[in-house]
Amino acid sequence: MARLGVLLFLVQIVLAVCALISCLSAEEGQIRSLPRIVWVLIILFFPLIGSIGWFVAGREASPGARKGWPGGVGSPERQRPRPVAPDDDPEFLRSVQERAKQHDEELFRRWEEDLRRREDDLRRRDGEPPREGDRPEV
């Protein structure tokens with residue numbers, strides 16, 4: 001039973017510290033109902049009730065705060081289309097295939113040019129003129 005009391009005491013202290021930090025870091029326009037100094041005193045003298053009171057009635061809800069459960073009926077999350085993973089997007093897969101095909105063709109073209117250059121260098125070294133008519137054009 002003593003452990004539960006210690007745990008509840010620690011939870012109350014952590015909640016009070018969080019409420020104090022929130023109260024002291026809030027801008028003047030975000031504090032409702034009472035002045036900041038009164039909220040600080042309430043949180044210090046009545047940690048549990050003051051902390052809960054601060055989070056419920058003392059601060060304004062942030063403009064980005066959501067109303068209701070996320071993903072519920074009518075929520076903006078439900079109305080927007082879900083993003084598609086790249087491996088499920090046919091347009092993305094097509095573009096990847098196109099890029100791979102272009103890369104392969106470019107690499108093949110470079111290999112052929114290199115092979116022609118080497119063959120011509122070997123023929124020049126041996127004294128034969130390069131043969132242009134025997135090579136297939138790509």
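Colleague: Let's start with helix α2, then: which are its buried residues?

Modeller: Keep in mind that this is a predicted model. In α2, which runs over residues 36-45, the buried ones are W39, V40 and I43.

Colleague: Why is W39 called buried?

Modeller: The label needs a relative accessible area under 20%. W39 comes out at 6%, so W39 counts as buried.

Colleague: How do you know that the buried residues of α2 line one face of the helix?

Modeller: Look down the axis of α2: the buried residues fall within an arc of 100 degrees, so one face of the helix is what they line. On the other side, I37 and F45 are exposed.

Colleague: And what covers the buried residues of α2?

Modeller: The cover includes α1, residues 2-25, and α3, residues 47-58.

Colleague: How do α2 and α3 pack?

Modeller: Two numbers are used for packed helices: the angle between the axes and the distance between them. For α2 and α3 the angle is about 145 degrees, and the axes are 5 Å apart. From α2, the residues in contact are W39, I42, I43, L44 and F45. On the α3 side they meet P47, G50, S51, G53, W54, A57 and G58.

Colleague: What kinds of residues make up that contact of α2 with α3?

Modeller: Eight are nonpolar, four are polar and none is charged.

Colleague: What makes W39 and W54 an aromatic pair, and why edge-to-face?

Modeller: Ring centres have to lie within 6.5 Å, and planes over 60 degrees apart count as edge-to-face. W39 and W54 are 5.6 Å centre to centre with 70 degrees between the planes, so by those cut-offs they are a pair and edge-to-face. The structure holds one aromatic pair. It links distant parts of the chain, with W39 in α2 and W54 in α3, 15 residues apart.

Colleague: Is W54 buried or exposed?

Modeller: Buried: its relative accessibility is 0%, and the cut-off is under 20%.

Colleague: One more, P47. Why is P47 called partly exposed?

Modeller: Partly exposed lies between buried, under 20%, and exposed, over 50%. P47, in helix α3, has a relative accessible area of 21%, so partly exposed is the label.

Colleague: Which residues does P47 touch, leaving out those up to four places away in sequence?

Modeller: Q12, A16 and I42. As for A19, P47 is 28 residues from it in sequence and 8.9 Å from it in space, C-alpha to C-alpha.

Methods:
Residues are numbered from 1 along each chain as its sequence is written. This is a predicted model: local features need pLDDT of at least 70, side-chain atom pairs count only at pLDDT 80 or more; totals for chains, interfaces and linings use all residues. Side-chain values use heavy atoms; hydrogens and water are left out. Buried means under 20% relative accessible area, exposed over 50%, partly exposed in between (1.4 Å probe, protein chains only). Helices (H or I, at least four residues) and strands (E, at least two) are DSSP runs, numbered from the N terminus. The arc is that of the directions from the helix axis to the C-beta atoms. Contact means heavy atoms within 4.5 Å. Axes are lines fitted to C-alpha atoms, for helices over the stretch in contact, and angles run from 0 to 180 degrees between N-to-C directions. Ala, Val, Leu, Ile, Met, Phe, Trp, Tyr, Cys and Pro count as nonpolar, Asp, Glu, Lys and Arg as charged, and the others, Gly among them, as polar. Rings of Phe, Tyr and Trp (its six-membered ring) pair if their centres lie within 6.5 Å; planes under 30 degrees apart count as stacked, over 60 as edge-to-face and the rest as tilted.
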